[in-house]
Amino acid sequence: MAAIEKRQEMSAFSDALAVLGAALGTILGLYLVAFSPDPVMKFHGALLGGTSVLGALYVLTQLTGHDTAAREFYHDGPIKFAAVAAVFWGIAGFLVGDIIAWQMAFPWLNFDLPWTSFGRLRPLHTSAVIFAFGGNALIATSFYVVQRTCKARLFGRWSPWFVVIGYNLFIVIAGTGYILGVTQSKEYAEPEWYADLWLTVVWVAYLVVFAGTLMKRKEPHIYVANWFYLAFILTIAMLHIDNNLAVPVSFAGTKSYILFSGVQDAMTQWWYGHNAVGFFLTAGFLGMMYYFIPKRAERPVYSYRLSIVHFWSLIFLYIWAGPHHLHYTALPDWAQTLGATFSIMLWMPSWGGMINGLMTLSGAWDKLRTDPVIRMMVVSVAFYGMSTFEGPLMSLKAVNSLSHYTDWTIGHVHSGALGWVGMISFGALYCLFPWLWKRRGLYSMRLVEWHFWLSTIGILLYITAMWVSGILQGLMWRAYDELGFLKYSFVETVDAMHIPYIIRAGGGLLFVIGALIMAYNLWRTVRSEESVDAENQPLVAAAPALRSTFAAAE
């Protein structure tokens, strides 16, 4: 009885705290709407205030004094929201990316409008794919994995909801800001000061929820996937704060000035930029790999010792590799060399992790033939190995002198982003939806096959076109005639890229179609419709849902 009363007291306190936070958000939003001279800030204040009001209303509807012991053991509501948001933002981000790819081939598609220009849509694409799609996939999977591997409910009653709602509010504020011309013009860090400040609050809450769940775990051992997720959360917090130190012109205005300048700003930016790749797009998704591949294959991790070595060596080496983005600049030569050296050293842990992921299928290789979800995740690990080989190669000054500022870099980024991040996220989402909604399996494995092949072919068309155009660009830019003048004008190099740009855009279109097929398949799965190919569904799809149901009953 005393334990129930204590839980009810804690629940009442969290309810009051949630209502207070929503009230503060509403007041701040109304203040910005009423007193900001900047129309974009007024709009974003309205977004903040409206979201806060809706949040407060929802919390108030739940103040019915329900016995907290009657709740399900696992807190899956925020995970469902983040998983659906990942699918939505993924399609939006892929579509915008393909639109700007067509704009590169046919510039008239910019329509001479500021809101549809490449300069505004490009950061919208990168943020939507990396932070909206990737970020929601990471939040959903990390909340799912930490609960199941710790045998503990997510820490806090409303804080997990604050994380997913607050994070998606940041995405909306940042994305609409880009379209309306609000940006601080830093690669992968374009949102202005107030959006960065809001994300900091949300990210601290994310850390509290994740670490709090680890602290109250029933399982004494912390599974390796949680190490990768925790490293991702902690390091991104540090990177985000340092790179976005800025002084706003006014509290009610959007404009700010970065604290650093010149080469110090460049160094800070690419320390952040490369480690956004290293910890957001690598460490976090490696946590995904270390849970979902063994779970789907019903095999233990090939070498748990190797996974720990992989973790510690990766997080130590990655943090130093950023200066290789600044070869042949004003950055001191020793710093450039240091970045390249640590990039080369990253080959070892990266390929160790790739081998660990692939060899987890030992004794289950036949699943590659029968389960396209496993095939999708294994191909993602192969792309991880390929891009982590190519990246250190491109960090060498001799190679970088040819590749830097060319489409080769674009091909490299997308082999990792589409091949590694995209495919492992698709595989995880295909696992999560039946598990979260307690379904026997996916609506159609045949549609997963279609998604796999469309995405794989699209990625290959994209990256090969960019490799060809990038190397061609580099060679044309460094070509001189017998008098020592540049042999080709810049316009001639742009014209030479036309066919590769069309191929790139066509590959991107295939990737978008694959994502639409996935969304349809997951929607039909959630609608509880009987699988059209139930006899081909792997039994593992039902197991986690059944186990969570039994745990709740106990």
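How many positive and negative side chains does the chain have, and how far apart do the centres of the two sets lie? There are 34 positive and 32 negative side chains, with the two centres 9 Å apart. Lys and Arg count as positive and Asp and Glu as negative, while His and the chain ends are not counted. Each charge is placed at NZ of Lys, CZ of Arg, CG of Asp or CD of Glu.

## Basis of the model

This is a predicted model, in which local features need pLDDT of at least 70 and side-chain atom pairs count only at pLDDT 80 or more, whereas totals for chains, interfaces and linings use all residues. Residues are numbered from 1 along each chain as its sequence is written, and side-chain values use heavy atoms, with hydrogens and water left out.

## Overall form

The chain has 19 helices and two strands, taken as DSSP runs (helices H or I, at least four residues; strands E, at least two) numbered from the N terminus. The radius of gyration is 24 Å, close to the 24 Å that the globule rule gives for 554 residues, so the chain is as compact as a globular protein of that length. That radius is taken over C-alpha atoms, and the rule is 2.2 Å times the number of residues to the power 0.38. The C-alpha trace spans about 90 × 65 × 45 Å along its principal axes.

Of the 554 residues, 54% count as buried (under 20% relative accessible area; exposed is over 50%, partly exposed in between; 1.4 Å probe, protein chains only). Among contacts (heavy atoms within 4.5 Å) with a separation of 6 or more, 83% come from residues 24 or more positions apart.

## Core and helix positions

The largest nonpolar core has 134 residues, of which Phe232, Phe280 and Phe292 touch the most other members. Such a core is a set of buried Ala, Val, Leu, Ile, Met, Phe, Trp, Tyr and Cys residues joined through side-chain atoms within 4.5 Å. Beyond four places in sequence, the contacts of Phe292 include Met377, Cys431 and Trp435.

Thr282 lies in helix α8 (residues 262-297) and is buried at 5% relative accessible area. Outside four places in sequence, Thr282 touches Val277, Leu314, Tyr318, Tyr384 and Trp420. Ala56, in helix α2 (residues 39-61), is buried at 14%. Its C-alpha atom is 8.4 Å from that of Leu20, 36 residues away along the chain.

## The α5–α6 loop

Ser185 belongs to the loop between α5 (159-179) and α6 (193-215). Though not a glycine, Ser185 has a positive phi of about 60 degrees, and it is exposed at 62% relative accessible area.

Tyr188 is placed in the loop between α5 and α6. Tyr188 has a positive phi of about 65 degrees without being a glycine, and is buried at 14%.
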